[in-house]
Amino acid sequence: MAPEDERVRRLIDDFRMGRVSRRTLGRRAAGLGLSVPAVRALAGSTMGVTAGVMPALASRASAHGAQEGRGGVINVAQTGGDPGVANPILVGGTDNYPWWWAFERLVKYDDAGTPIPDLADSWEYNPDGTQLTFKLAPNATWHDGEPVTSADVVFTFDKVKDEKTKTDVRSNLQVAGEWVTWEAPDPQTVVLTTKEPFAPFLFALSQIGIIPQHVLENSPDINTDPFNMKPIGSGPYKVVEWEQDQFTRYERFDGYHRGPAAADGLNEVFFEDAAPALAAMEAGEIDISFTPPESQAPYEDNPDFVLHRYVYFTPISLSFNMKHPILQDIRIRQAFRYAIDKDSLAETLTKGRNTRADNQYSDTGPLDRYNNYSLPKDEFNVEQANALLDEAGWVRGDDGVREKDGQRLSFPMLTYSGFEEYKNGLEILQQMLGELGVEISPEVIDYDALSERWSDPNDDPNARPLTLEEYPHPFEQDPDVHDELHSRSFPPAGNNYNYFKDEEIDRLIDEGRKETDDEKRIAIYHQLDARRKEIIPAIPLYLATDGWVFSRKVGGVPEETPSSRWFLRCCADKMFKTE
C-alpha cells in the first residue's frame with residue numbers, strides 16, 4: 001500500500017470512530033487532496049438531508065412530542081458525521097450526541113469546566129488521593145424503567161477493559177501505565193483505586209458513558225449488538241428513531257432522575273458541511289448550527305440569531321524544537337517573542353477579533369482559571385529583539401540576514417495544510433522575523449506527514465525547527481500538559497516532539513497531576529505559566545475561534561457561555577424552543 005493510501009485509510013478509520021474534530025478532519029483531508037464530503041463518501045457515509053426530511057420530522061414532533069415542560073422540538077445541525085453507533089464505549093470523539101444526550105457518565109463537566117453530578121450525586125477522594133468513591137443517584141433508571149446500579153458501572157468498566165471491545169477509552173482507566181481497580185460495595189457505591197494520585201482521572205472518567213448490564217450482559221458481541229443502533233440509556237433524552245446519515249430523533253425521557261428536560265425533544269440532522277446547514281437555518285428549518293469563522297459575519301448583531309463564539313483550549317503558538325542547537329539559546333527565543341506584533345497578527349488572522357494570547361491556555365474558555373494573569377503581557381519591541389541577537393553574536397550579512405561563524409540565521413517554519421489562516425500566519429511571521437535579519441522559509445505540509453515526523457525520535461531538527469500549531473494540548477477540560485511538555489514524554493513514549501526539558505516544569509507538572517484540591521492545583525499551574533513565560537518552550541500567539549449559531553427561538557442557553565460547544569454536550573436538557 002502506498003503511503004498516501006495508508007494515510008487515507010487511517011483518516012477514514014479515525015473518522016468512522018469519531019476520533020477527529022472538525023478542524024482536524026478538514027486539515028487532514030486537505031493534506032491528502034480530499035474534501036471533507038469526499039472523506040465521508042469514502043467512509044461509506046451518504047450524509048446529507050434529502051427532500052422531505054424536515055417536514056417529516058416536524059410531523060413526527062407534533063405527533064409524538066411530550067407534553068410537559070417548556071416544550072418545543074429543537075433541530076440541531078450535525079456537520080461532524082453520523083457516528084453510526086450509539087454505544088458510548090464504542091463511539092469516539094466528543095460531538096457524537098447520542099453519547100451526551102441519551103447516556104450518562106459518573107460525572108460530567110459543564111461549559112465553565114466545573115465537574116457536576118451526572119449519574120453520581122457525589123464523589124470524594126481519600127486523604128492520599130488514591131481512592132475515589134462515587135455515590136450514585138438512588139432514583140436513576142434506564143429508559144426501559146430498570147434501575148441503574150453500581151453493577152452497571154462495573155459491567156461498563158469490565159467491557160472497556162475487555163480486549164475484544166473496540167473502544168478508544170481504554171487508557172482512561174489506566175494511571176501510570178497500570179489498570180485502575182474498581183469495586184461496588186453496595187448498589188449505590190463505586191470505588192476506584194489508583195496506584196498514585198492522579199488529578200486528571202476525574203475528567204478521564206467523565207469520558208466513559210455507562211451502559212446497561214441487563215441489556216448487554218448476554219450479548220455475543222458488544223461491537224455488533226443491535227443495541228448500538230437502538231440504545232437504551234439513562235440520560236435526559238431517549239433515541240426513538242434513527243435514519244442513517246439523515247437524522248436521529250430524540251424524545252424527552254420523563255423518568256430522568258434529575259427532572260424532565262425542558263424541550264419536548266431534539267432532532268439531530270446530518271449535513272455534509274456547514275454551508276447547507278446554515279442555509280437550512282436561514283430557511284427556518286434548523287435552530288442550532290456550527291459555523292466557521294468565515295461564515296459568522298451575517299449572524300453578528302442579528303435580531304433572529306445569537307452567535308456564540310468559542311475558542312479552543314490552547315492558543316495557536318510558535319513552538320521551538322529544542323533539539324535545534326541555535327534555538328537552545330534562550331536569547332534567540334526571547335528575540336523572536338519581542339519581534340512579533342501579536343496585536344497586528346491576531347487582528348489580521350482572526351478577521352478583526354484580535355484574540356491575542358499571552359498565557360498557556362485560552363483566556364475565554366474553561367481552563368482560564370489556570371492562567372496566571374498577574375504576569376505581564378508579551379511586549380512588542382523590535383529594538384530589544386535586535387539587541388538580543390547582537391548580544392548572541394549574530395551580525396547582519398550583506399543581504400541583511402544575520403550570520404555567526406559562517407552559519408546563516410535561517411530556519412524553515414512549518415504548519416499543517418487545511419487552514420488558510422495558518423498559511424497566512426507563516427507569511428506574517430516571515431515578514432516580522434525578517435525585520436530582525438532572520439530568514440524564514442514557510443512550509444505547509446500534510447497533517448499526517450507532520451504527525452509522522454512528530455512521532456519519529458530520529459526526525460531532523462534542522463528540517464523542523466519552528467512550527468505554527470495548536471500547542472501544547474491540555475487534556476480537554478483538564479489542564480494537564482504532561483504529554484507534550486514533560487521530559488518523560490519524548491517520542492515514542494509521548495508527544496513532547498519538541499524535546500523540551502526543564503526540571504522545574506517537570507516538577508510542577510508532576511505536582512499538578514497529583515493535587516486533587518482544585519484551588520491548590522490552580523496555584524501550581526499559575527507557577528507553571530510563570531515558568532513557561534520565563535523559558536519559552538513556545539510563544540502563544542492568538543486564539544482560534546469557531547462558533548455556534550442559535551435561533552433566538554431557542555431558550556435556556558446562557559448569553560455568556562464560555563463554550564457553546566460544550567454547553568450542547570453537557571446541558572442540552574436546559575434548552576427549550578418558543579414559537
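**Exercises on a disulfide and on aromatic rings**

C570 and C571 are both buried, where buried means under 20% relative accessible area with a 1.4 Å probe and protein chains only. This is a predicted model, in which local features need pLDDT of at least 70 and side-chain atom pairs count only at pLDDT 80 or more, while totals for chains, interfaces and linings use all residues. Residues are numbered from 1 along each chain as its sequence is written, and side-chain values use heavy atoms, with hydrogens and water left out.

**Exercise 1.** Determine which handedness the disulfide of C570 and C571 has.

Solution. Begin with the bond itself, which joins C570 to C571 at an S to S distance of 2.4 Å, a disulfide being a pair of cysteine sulfur atoms within 2.5 Å. Next take the torsion about the S-S bond, which is about -85°, so the disulfide is left-handed.

**Exercise 2.** Classify the ring pair of F290 and W548 by its geometry.

Solution. The structure holds 23 aromatic pairs, counted for rings of Phe, Tyr and Trp (its six-membered ring) with centres within 6.5 Å, and called stacked under 30 degrees between planes, edge-to-face over 60 and tilted for the rest. For F290 and W548 the centres are 6.1 Å apart and the planes stand at 70°, so this pair is edge-to-face. Turning to accessibility, F290 counts as buried at 7%, and W548 is buried at 0%.

Key. Buried < 20%, exposed > 50% of the residue type's maximum accessible area, 1.4 Å probe, protein only.
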